[in-house]
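Hi,

Here is the structure I promised to pass on. Have a look, and my notes follow below.

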Amino acid sequence: MSSKEKNPLADPKRRAPETQLVHGGTERSQHGETSEALFLNSGYVYPNSTDAETRFQNKTPGHIYSRFSNPTVEMFQKRMALLEGAEAARGLATGMAAVTTALMSQVRAGDHVVAARALFGGCRFVVEDFLPRWGVASTLVDGRDPANFAAAMRPNTKAVFLETPTNPTLEIVDIAAVAEIAHAHGAKLVIDNVFATPINQSPLALGADLVVYSATKHIDGQGRVLGGAILGSQELIAGDIHTFIRQTGPSMSPFNAWVLLKGLETLPLRVRQQSESAARIAEALAGHTKVRKVFYPHHKSHPQYELAKRQMKSGSTLVAFEVEGGQEAAFKVADALAVIVISNNLGDAKSIIAHPTTTTHQRFSEDVRLDMGITPGLLRLSVGLEAADDLIADLLYGLDQI
Ligand SMILES: *Cc1c(COP(=O)(O)O)cnc(C)c1O
C-alpha cells in the first residue's frame with residue numbers, strides 16, 4: 001500500500017491506551033518542550049477590552065481564570081478522557097471534591113439519591129449526612145444484589161451512586177444491571193471507579209453516566225499530590241459539572257495536574273504489576289491457617305467471581321484478609337511487617353496495610369461495620385511495586401507472629 005494516505009495514528013482516538021497516556025492531550029507551547037508545560041498562573045491577559053468582552057460571552061475561545069480552566073489542567077483532562085473513552089472530563093482538587101461535585105450538581109432539595117452501603121468513608125458521609133441536611137433524601141442498599149437498587153428507587157430519585165469493588169471488602173456491584181435500573185427511573189448512575197482504576201474497568205462502556213476518581217490514588221500512584229476527576233458526556237460535563245466547578249471552586253491545582261500527567265504515563269505499567277502481585281498474594285494467603293478469609297475479586301473463593309471476571313480486566317491492586325484472633329492478631333501482623341507500611345492511603349508504589357475497624361471506618365458503630373463485612377480481624381492491603389516474593393515473605397512472617 002502506498003503511504004500517501006494520512007497516518008491513521010494521527011487521530012488520538014485510534015491509539016492504544018498506553019500510547020494515549022504518554023502523548024494524549026499534550027499541547028506544546030511556542031518553546032516546543034518535551035514534557036508537558038506547567039502553567040502555574042491564576043489569571044490570563046487579554047490583548048484588548050473587546051477580546052475580554054467576547055471571551056466572557058463565550059464567543060471567542062481562551063482562558064479567563066484558572067478556577068475554571070488552565071492549560072495544564074486541560075492537558076490532564078484530555079488525557080483522562082482519552083483513557084476512559086469519555087467525551088469530556090474535569091479535574092478537581094481531590095477525590096472527595098469530585099464525588100461531592102458529581103452528586104450535588106445533579107440534585108436539589110426534594111430529590112432522592114440511592115447509594116450502595118459499602119462506600120469510602122467520606123463518600124458515605126456525603127450521602128448519609130450532608131445530602132439530607134440539604135433536603136435530599138438518601139437510601140443506602142446492599143449493592144451486591146441489583147434488585148436492592150430497584151426496590152429503593154422513587155419517582156424523585158435523581159442519582160444512583162456506587163463504588164465497585166468496594167472499600168475495604170472488595171464486594172462487586174453489577175454496573176450494567178444497575179445502569180439499566182437507574183435509567184428506567186430517569187436517574188443518573190455515578191460510579192466511583194477508584195478501586196478498579198481506569199485500566200481494569202470501564203464504567204461508561206457499561207452504561208454509567210458519570211465516573212469519578214480520586215487521582216490521589218493510582219493515578220498519582222506515588223504518594224505526592226491530591227487530585228480528582230469526573231468524566232462523562234460533553235452535555236453533562238460542560239453543563240451541570242462545569243457550572244458547579246466554575247461557581248463553587250473545587251478546582252484542581254495546575255501543579256497537581258502536572259504531577260498527575262506524569263503519573264498517567266506509567267499508570268498501565270504500575271496497575272498491571274500491582275494487580276499481578278495482588279493476585280499472587282491472595283493465592284498465598286488463601287491457604288494459610290491463620291487466615292480466616294481472603295477477599296480478592298479474581299480469586300475463585302470470591303462469591304461474585306463470575307461477575308468480577310466479566311466486569312474487570314484484573315482482580316484489582318488491593319487484597320483484604322481476615323486473620324484468626326481479631327484485632328489483637330491483626331495489629332500483631334501489621335506491626336511485624338518490615339517492607340509493607342501502615343497507612344490509610346492506597347494505590348501507591350509502596351505497599352500499604354490498614355486496619356479499617358480502628359482507622360478508616362472507626363466512626364461507624366460496630367453494627368454498621370459488621371454489616372459492611374468489616375470485622376476486627378480484617379486488614380486491607382494495597383499492593384505496591386516491590387517484588388511480590390518480598391511482600392509474600394513479609395506477610396507470612398507477620399502471620400507467624402499470631
Ligand atoms: C480516596 C478515595 C476517595 C477520596 O479521594 P481523596 O482524593 O482522598 O479526596 C473517594 N473514593 C474512594 C474509593 C477512595 O479510595
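This is a predicted model: local features need pLDDT of at least 70, side-chain atom pairs count only at pLDDT 80 or more; totals for chains, interfaces and linings use all residues.

Starting with the sheet at β8: this strand and β9 (residues 318–323) run antiparallel and are joined by four bridges.

Zooming out, β8 and β9 belong to an open sheet of five strands with mixed pairing, in the order β8-β9-β12-β11-β10. Its edge strands are β8 (291–295) and β10 (341–342), each of which pairs on one side only.

Now for the helices on that sheet. α10 (residues 254–286) lies across β8, β9 and β12 (378–382), and runs at about 15 degrees to β9. α14 (residues 388–400) packs on the sheet as well, touching β8, β9, β11 (352–354) and β12, and its direction also makes about 15 degrees with that of β9.

Elsewhere, take a look at β1 (residues 88–92), where five of five residues are buried. Ala88, Arg90 and Leu92 point one way from the strand, while Ala89 and Gly91 point the other way. β1 pairs antiparallel with β7 (residues 228–232) over five bridges, and Gly91 has Ala229 as its bridge partner in β7.

Last, the surface. Leu38, Leu40 and Phe255 make a nonpolar patch of about 270 Å². Leu40 sits in the loop between α1 (17–23) and α2 (49–56), and it counts as exposed because its relative accessibility is 60%, with the cut-off at over 50%.

Cheers

Definitions and conventions: Residues are numbered from 1 along each chain as its sequence is written. Side-chain values use heavy atoms; hydrogens and water are left out. Patches are made of residues with over 30% relative accessible area and no salt bridge: like charges are joined within 9 Å, nonpolar side chains (Val, Leu, Ile, Met, Phe, Trp, Tyr) within 5 Å. Accessible areas come from the Shrake-Rupley method with a 1.4 Å probe; for residues, only the protein chains shown count as cover. A salt bridge is a side-chain nitrogen of Lys or Arg within 4 Å of a carboxyl oxygen of Asp or Glu. Helices (H or I, at least four residues) and strands (E, at least two) are DSSP runs, numbered from the N terminus. Buried means under 20% relative accessible area, exposed over 50%, partly exposed in between (1.4 Å probe, protein chains only). Two strands pair if DSSP finds at least two bridges between them. Contact means heavy atoms within 4.5 Å. Axes are lines fitted to C-alpha atoms, for helices over the stretch in contact, and angles run from 0 to 180 degrees between N-to-C directions.
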